[in-house]
Amino acid sequence: MTVQHLETKQKKKKSARARADSWFGFALTLPAIIVLCIVIALPILKGVLVSFFDYHLQDLTKDAFNLDARTIGGLFSGETALVSDQPIVPAGRDKGASAVINYSWNNLKNYKDLFYVREGKSVLESEFFQSFQNTVIFVFLTVVVQTVIGMMIALLLNSRIRGRGLFRGLLLVPWTIPSVVVAILWRLMLHQEGGIMNYALFILGFTSTTRVSWSSSVVLARAAIVIAAVWRQLPYMMVMLLAGLQSVDHSLQEAAQIDGASGWQTFMHVTIPSIRPVLISAVWIAIMSNFQMYTIIANLVGTGSKTGTNTLSIAAYQEAFTNNDFGKGAAIGVLWLAVLLVITIISNRLSARSATDYQ
Amino acid sequence: MKKLALILAVTLMVSCCAFANAEAPVTISYTSWALAEEHLVPIYGGSCDAFMKDNPDIIVDYSQTNPYADYLSQLKIAAANGTAPYVAHIKAEWLPELLAMGVVKDIKPYVSADIVGEYNAATVAAVSDGDRMVAMPWFGNTYALYCNTALMAQAGITEMPATWDELLDDAYKIAELGDDIYGLAIPNSNGVEAGEGYNILPVLWAYGADYRDAEGNLALNSENAVKAFQCIKELLDDGVSTTVGNSFKDLRRLFGEGKIGFYWDLEATIKTAASAAANEEEFYANFKAIEIPGTCGYAINHFLVVFNNTPDELMPAVGRFLDYMTDATVIGIFYEGGQGKVSGRASVNEKVFVGVSDTSAAYVAAMGKALPLPIDIHFMEAESKIVDALTMLAQGATAQEAADELQATIEKIYAE
């Protein structure tokens, strides 16, 4: 037996073992994959499907597809269609299905409605663009403010100050409070009649009255939801950035200072690049969670469409659960998902590039 | 010995038969948003307890509930899925949606024809869908004007307002008492709470306007409707009314604190306002409820519906429950609880509302004149758009702009 023959035999053994390991790993992850498919992938797919159809409360109990032999057979013989634009009454049960998909096709009406504008108005004034604009403004302001303030607090807590542990504990408190409670708390604090924030702003000379209505103007209503959201989420940002700061190699900072770098230069050119992966992850998670924000907005300033706070989440909820138009609600969700997918792809690319730059 | 064994065997068989014949009580489920409010459980749950006491063969499970804000959406989802409680308390304006969903059961064969015969034709029509009876009329309530007589006295007002113009004049006089005092408050929480859109109907009616005109067309930007919106705008601009951000709950608190001269609200919420007062005795001494002058309140009718998922064999028990809930015992429990609920059955009202207080008498009188809400399948969605119009007025839009925008938006909803 030659050495070459032995090596080939060993390689074959290894490859067989690797394949067995791979199958074993797959088998171990299979239950998790099945659960994820059931609770995430299938609802998303159904959401995408119903966004193209008339789908109201009475359709909730309908099966999505007529998959009986007669209907499938009819599809090939031309007797049944893939979709029907007629309301389908218990199809596939008594009289035979008229279409494979059990909902009524509405010629993209759900999507068209989102971009509907009255004559003489720009498409930018359509329901979708208004909600999208409100969402972007809210997310941008909230994430920027919480990142800046979170970084300042994290830097402070990363330095050697007295009572650092106590401050860290206290600053975490807002994170433990449920969003609905935060919304009600801020609603009371910003209330026109007896709100303590109005009183404080008056005493400090920022306002000329103690009775400011924060819901009566677009700017103030947006400010109110940003303040409440930042207050609630600041501890999360602070903890993430603090964890990043604590992992920074101090020798790099000392080297920069020995080379004559100022504190700001050290921060910008050593600290920030060192925590960039943490920073990007924290900002990205904050963007995602604020894109989905419903509770604070709805309970603080309400769901009315004239206060500039009607975000995509509010619009989707209103369509689905107030107007019972699940198809249109799903259409908002699908467009929203598409926007987030684009942002995710861009973010991942930026993140990968920054990691390469740093290496 | 054989005889003894025979006797014992026969006795055992007879006992077994008797045991098998003793019917176990049947259980029906019932829900109301009021059951989610602790202080209302003795009234709404108490009614079920009274029924169970008088009908020991039926158990009413009233453990399932949702707070008002989520109640309708959760109920609709449960009904669509066939998992709703068998009997549910609803507001009349919700019935068209439930009918469109096809989830409501015909109760006509199971409720007493004599009881149904006591309701007027309009009420019976409101719960009928062709030959089917799709809901049991339960009770109605309406709004009366809360008046703070202490503020009226401070403003030099000696008599209760008798017309809409007098009410406005008095409201302006009261508002002049201070920056934080409001004459006539109109709630608008911008959608945090529901029901604030149709709350402006009394103002529309005061100016001869309405949601629809005589031909049935939407008329929210008619000449009279614009006058009504102009009145609301002036109340907001002049600081006579509270502005955006104040819900009914806020108004109750402010009224209790003595900061509002007039606003319309339910009899059941007088206690809530009183609880915000520094001195409850003083509050009641300065409180008076009258019919809204120059206009009237809107009737909020409450029904009981039975969902399709109720097994047919339980329907006789459900029918007995529905009959009982409309009877004097239950309406009496509501009256004792200060709920201001008036039955549509004259015989019940005659038994319950005997020697009532001036406040209750005002509500009973207001109920007699109250107009129905313009209920249809899109009304609830349209209602939220009226709230947007109120917000527009507070943000500086003219009455004409707000009315035109409202009319166009609601027309589109109906066109769809």
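In H18(B), the residues B:Glu381, B:Ala382, B:Lys385, B:Ile386, B:Ala389, B:Met392 and B:Leu393 meet B:Ala399, B:Glu401, B:Ala402, B:Glu405, B:Leu406, B:Thr409, B:Ile410 and B:Ile413 of H19(B). By class, this contact of H18(B) with H19(B) comprises 10 nonpolar, 1 polar and 4 charged residues. The structure described here is a predicted model. Two packed helices are described by the angle between their axes and the distance between the axes. For H18(B) and helix H19 (residues 399-415) of chain B, the angle is about 160° and the axes lie 9 Å apart. Because angles over 145 degrees count as roughly antiparallel, H18(B) is described as roughly antiparallel to H19(B). The crossing of H18(B) and H19(B) is right-handed.

Within chain A, the domain assignment gives domain 1 (18-112) and domain 2 (123-358). The centres of domain 1 and domain 2 of chain A, taken over C-alpha atoms, are separated by 37 Å. Between these two domains of chain A, 11 residues of domain 1 are in contact with 9 residues of domain 2. The side of domain 1 of chain A that touches domain 2 of chain A draws at least two residues from each of helix H1 (3-50), strand S1 (53-54) and helix H3 (109-114) of chain A. The largest share of that side, 3 residues, comes from H1(A). In terms of residue class, the side of domain 1 of chain A that touches domain 2 of chain A has 6 nonpolar, 4 polar and 1 charged residues.

A:Leu57 is placed in the loop between S1 and helix H2 (69-77) of chain A. Since a residue is buried if 20 or more other C-beta atoms lie within 10 Å of its own, A:Leu57, with 23 such atoms, is buried. Apart from neighbours within four places in sequence, A:Leu57 is in contact with A:Asn324, B:Lys76, B:Ala80 and B:Met101. A:Leu57 and A:Asn323 are 266 residues apart in sequence, whereas their C-alpha atoms are 9.8 Å apart in space.

A:Asn324, one of the contacts of A:Leu57, is placed in the loop between helix H13 (312-322) and helix H14 (326-358) of chain A. With 25 C-beta neighbours inside 10 Å, A:Asn324 counts as buried. Most residues other than glycine have a negative phi. The phi of A:Asn324, however, is positive and near 60°. A:Leu108, likewise not a glycine, has a positive phi of about 60°. A:Leu108 is found in the loop between strand S2 (104-105) and H3 of chain A, and, with 11 other C-beta atoms within 10 Å, A:Leu108 is exposed.

Definitions and conventions:
Residues numbered from 1 in each chain as written. Chains lettered and ligands numbered in written order. Predicted model: local features only at pLDDT ≥ 70, side-chain atom pairs only at ≥ 80, totals over all residues. Domains from an automatic or database assignment. Contact = placed C-beta atoms within 7 Å. Helix = DSSP H or I, 4+ residues; strand = E, 2+ residues; numbered from the N terminus. Nonpolar A, V, L, I, M, F, W, Y, C, P; charged D, E, K, R; others polar. Axes fitted to C-alpha atoms, helices over the stretch in contact; angles between N-to-C directions. Parallel < 35°, antiparallel > 145°, perpendicular 65-115°, else oblique. Left-handed = near helix turned anticlockwise from the far one by under 90°. Buried ≥ 20, exposed ≤ 12 C-beta atoms within 10 Å, placed from the backbone.
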